[in-house]
Amino acid sequence: MYRAPSGDHDPGVRGAMLADINQIDWVPLAEGVKFKLLRYCEVTGDWVLYVQLQPGVKFARHKHITPAEFFITKGVLKFERGEAGAGVYGYEEIGEIHEEAGGDDVTEFLYIGHGPVSYLDENDNTLFIGDLAFFKSAWEGEVPENIVD
């Protein structure tokens with residue numbers, strides 16, 4: 001049974017569901033970054049976000065411990081591999097490190113995380129882990145760490 005989107009969005013609901021991004025409030029994640037937690041699964045650790053980056057904001061250096069996928073809906077996301085504009089799908093493999101990921105314009109994208117991301121210092125030491133628990137805490141208004149440079 002599908003649950004219709006509503007103002008009472010429950011991203012942790014089990015089973016089939018619908019999430020209308022037009023009916024879900026933005027939550028601040030860091031200076032210049034806000035997101036909507038569309039879905040998560042306690043069993044698999046997967047999490048799905050709709051993210052908005054303001055111009056000039058870049059995610060801090062990070063490594064994908066597990067794969068991730070994204071789909072750009074607005075603007076251009078720039079990173080080592082190139083530029084991904086509206087309509088572009090991307091897959092990020094295990095072990096991929098991003099020194100810079102950001103944009104010059106307002107950029108929005110769907111992000112599907114299949115597990116944790118490790119935020120790193122310049123010597124590859126882990127500063128903190130961005131995972132399901134991290135994004136659930138942020139969704140509830142308690143941002144544990146700063147994910148932008």
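This is a predicted model: local features need pLDDT of at least 70, side-chain atom pairs count only at pLDDT 80 or more; totals for chains, interfaces and linings use all residues.
Which residue lies over the face of Trp 26, at 4.5 Å from the ring centre? Residues are numbered from 1 along each chain as its sequence is written, and side-chain values use heavy atoms, with hydrogens and water left out.

**View 1. A lysine over the ring of Trp 26.** The residue over the face of Trp 26 is Lys 36, at 4.5 Å from the ring centre. A charge sits over a ring if NZ of Lys or CZ of Arg is within 6 Å of the ring centre and within 35 degrees of the ring normal.

**View 2. Strand β6 and its partners β9 and β12.** Strands are DSSP runs (E, at least two residues), numbered from the N terminus, and two strands pair if DSSP finds at least two bridges between them. Strand β6, residues 68–74, runs antiparallel to β9, residues 89–92, and four bridges join them. Here Glu 69 faces Tyr 91 of β9. Six bridges join β6 to β12, residues 107–113, again in the antiparallel sense. In this pairing Ile 72 stands opposite Phe 109 of β12.

**View 3. A nonpolar patch on the surface.** Phe 71, Tyr 89 and Tyr 91 form the patch, with about 320 Å² of accessible area together. Patches are made of residues with over 30% relative accessible area and no salt bridge, and nonpolar side chains (Val, Leu, Ile, Met, Phe, Trp, Tyr) are joined within 5 Å; a salt bridge is a side-chain nitrogen of Lys or Arg within 4 Å of a carboxyl oxygen of Asp or Glu. Accessible areas come from the Shrake-Rupley method with a 1.4 Å probe. Phe 71 belongs to strand β6 and is partly exposed, with a relative accessible area of 36%. Buried means under 20% relative accessible area, exposed over 50%, and partly exposed in between.

**View 4. The open sheet β4-β11-β7-β8.** Four strands form this sheet, and their pairing is antiparallel. Its edge strands are β4 (58–59) and β8 (82–85), each of which pairs on one side only. Two bridges connect β7, residues 76–79, with β11, residues 101–102. Lys 78 has Gly 102 of β11 as its bridge partner.

**View 5. The open sheet β10-β5-β13-β14.** This sheet of four strands also has antiparallel pairing. β10 (97–98) and β14 each have a single partner strand, so one side of each is left without a neighbour in the sheet. Three bridges pair β5, residues 62–64, with β13, and the partner of Lys 63 in β13 is Ser 118.

**View 6. The loop residue Asp 124.** Asp 124 is placed in the loop between β13 (117–120) and β14 (126–130). Its phi is near 70°, a positive value in a residue other than glycine. Most residues other than glycine have a negative phi. Asp 124 is partly exposed, with a relative accessible area of 43%.

**View 7. The aromatic cluster.** Rings of Phe, Tyr and Trp (its six-membered ring) pair if their centres lie within 6.5 Å; planes under 30 degrees apart count as stacked, over 60 as edge-to-face and the rest as tilted. The whole structure holds 10 aromatic pairs. In one of them, Phe 134 and Phe 135 have ring centres 4.9 Å apart and planes at 75°, so the pair is edge-to-face. Phe 134 is buried, with a relative accessible area of 4%, and Phe 135 is buried, with a relative accessible area of 4%. Ring pairs link Phe 134 and Phe 135 with Phe 35, Trp 47, Tyr 111, Tyr 119, Phe 128 and Trp 139 into a cluster.

Notes:
Buried means under 20% relative accessible area, exposed over 50%, partly exposed in between (1.4 Å probe, protein chains only). Patches are made of residues with over 30% relative accessible area and no salt bridge: like charges are joined within 9 Å, nonpolar side chains (Val, Leu, Ile, Met, Phe, Trp, Tyr) within 5 Å.
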